[in-house]
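Morning, everyone. I have one structure to walk through. Please look at the screen.

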Amino acid sequence: MSTGRGTAVAIALLGAALAAAGCGVGPGADVGEVSLSVTRDYGAQRVRPPATDGATESDTVMRLLERNAQISTRYGGGFVRSIEGLAETVSGGRSHDWFFYVNGVESPVGAADFPLHGGEAIWWDYRDWQAASRVPAVVGSWPQPFTGGYEGERHPVEIQCEGGGAACGQVRHRLAGVGVEVAAGSDDAIRVLVGPWGQLRDDPAAAQLESGPEVSGVFAVFVREGAGFRLKGLDERGEAVRDFGPAAGLVAATRRYEAPPVWLVTGTSAVGVRAAANLVDAADL
């Protein structure tokens, strides 16, 4: 009888302990809204409509996705296998998988381990990754990462004008329009390089474009033509499929090692740089 009473007391104490512990467990405080985009082939096609959802202190990228899409996972729920029935696969020797970006920057950790702080733009994309196993940064989440930083931290923004002329002012105007105050001289700044490719290519981060998408993550390349350059678009295999002509412009993002992402607003000529600067907005990016 005493044994039974002791067991009952132990259970009661255990229940009280769990209740006390439960006071610190749960969704936590609201941290604000986050947006979710799910596409395939580098954003060429939507897999599901865009969504906006409220996030709490305990939310992760994975939890956000689970609430807003039909998914399956692998490795104990740590990695996404399929979204809306579109699953990782190898077909014809080509590998397709899901990748995600937070504020336009490829995540260094799995979705289940990436906490949300509020305000993030989450982008899941299903793509062929044979030509580029890593695409470190993308421009499709504009105005991120300029307004909200990346990996949970805000960063200053710096414009480096390398012969961009009036295009530099246009880019500065577009950033100011989304509330970004441009700084200068900071080692942890997200840089925006503005100017003709002949001027930008000396920058170590920009120079990665000349090594192809496997290095830069950018599916475009400038090739030498006479005394200048010509811009060509690449397909998912990294093969040139489009010639953009002598006055073409490009807006692209890349990242060198673990340094902050670098945006390139460039072109084959001053005309191309101006055309690229005019693309720096939500409608085009």
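Some ground rules. This is a predicted model: local features need pLDDT of at least 70, side-chain atom pairs count only at pLDDT 80 or more, and totals for chains, interfaces and linings use all residues. Residues are numbered from 1 along each chain as its sequence is written, and side-chain values use heavy atoms, with hydrogens and water left out. Helices (H or I, at least four residues) and strands (E, at least two) are DSSP runs, numbered from the N terminus.

Start with helix α3, residues 166-177. The helix has 12 residues and reaches 17 Å from first C-alpha to last. That is close to the 16 Å expected at 1.5 Å a residue, where the expected span is 1.5 Å times one less than the number of residues.

Which residues of α3 are buried? Ala167, Cys168, Val171, Arg174 and Leu175. Buried means under 20% relative accessible area, exposed over 50%, and partly exposed in between, with a 1.4 Å probe and protein chains only. Seen down the axis of α3, these buried residues fall within an arc of 125 degrees, so they line one face of the helix. The arc is taken over directions from the helix axis to the C-beta atoms. On the other side of α3, Ala166, His173 and Gly177 are exposed. After the helix comes glycine 179, with a positive phi near 85 degrees.

What do the buried residues of α3 pack against? The partners are β10 (157-161), β11 (182-183), β12 (190-196), β17 (262-267) and α6 (270-277). Contact here means heavy atoms within 4.5 Å.

Now the sheet. Five strands form an open sheet in the order β11-β10-β12-β17-β16, with mixed pairing. Two strands pair if DSSP finds at least two bridges between them. β11 and β16 (249-254) stand at the edges with a single partner strand each, so one side of each has no neighbour in the sheet. β10 and β12 run parallel, joined by five bridges. Isoleucine 159 stands opposite valine 192 in β12.

α3 lies across β10, β11, β12 and β17, at about 165 degrees to β10. Axes are lines fitted to C-alpha atoms, for helices over the stretch in contact, and angles run from 0 to 180 degrees between N-to-C directions. α6 also packs on the sheet, touching β12, β16 and β17, and its direction makes about 135 degrees with that of β17.

In α6, Gly272, Val273, Ala276 and Ala277 are buried. They fall within an arc of 140 degrees seen down the axis of α6, so they line one face of the helix.

Next, a three-stranded open sheet. Its order is β3-β4-β5, and the pairing is antiparallel. β3 and β4 (residues 79-83) pair over four bridges. Isoleucine 71 has isoleucine 83 as its bridge partner in β4.

Last, the hairpin. β14 (residues 228-234) and β15 (residues 240-243) run antiparallel, joined by three bridges. Five residues sit between the strands, and glycine 238 takes a positive phi near 80 degrees. Lysine 232 stands opposite aspartate 243 in β15.
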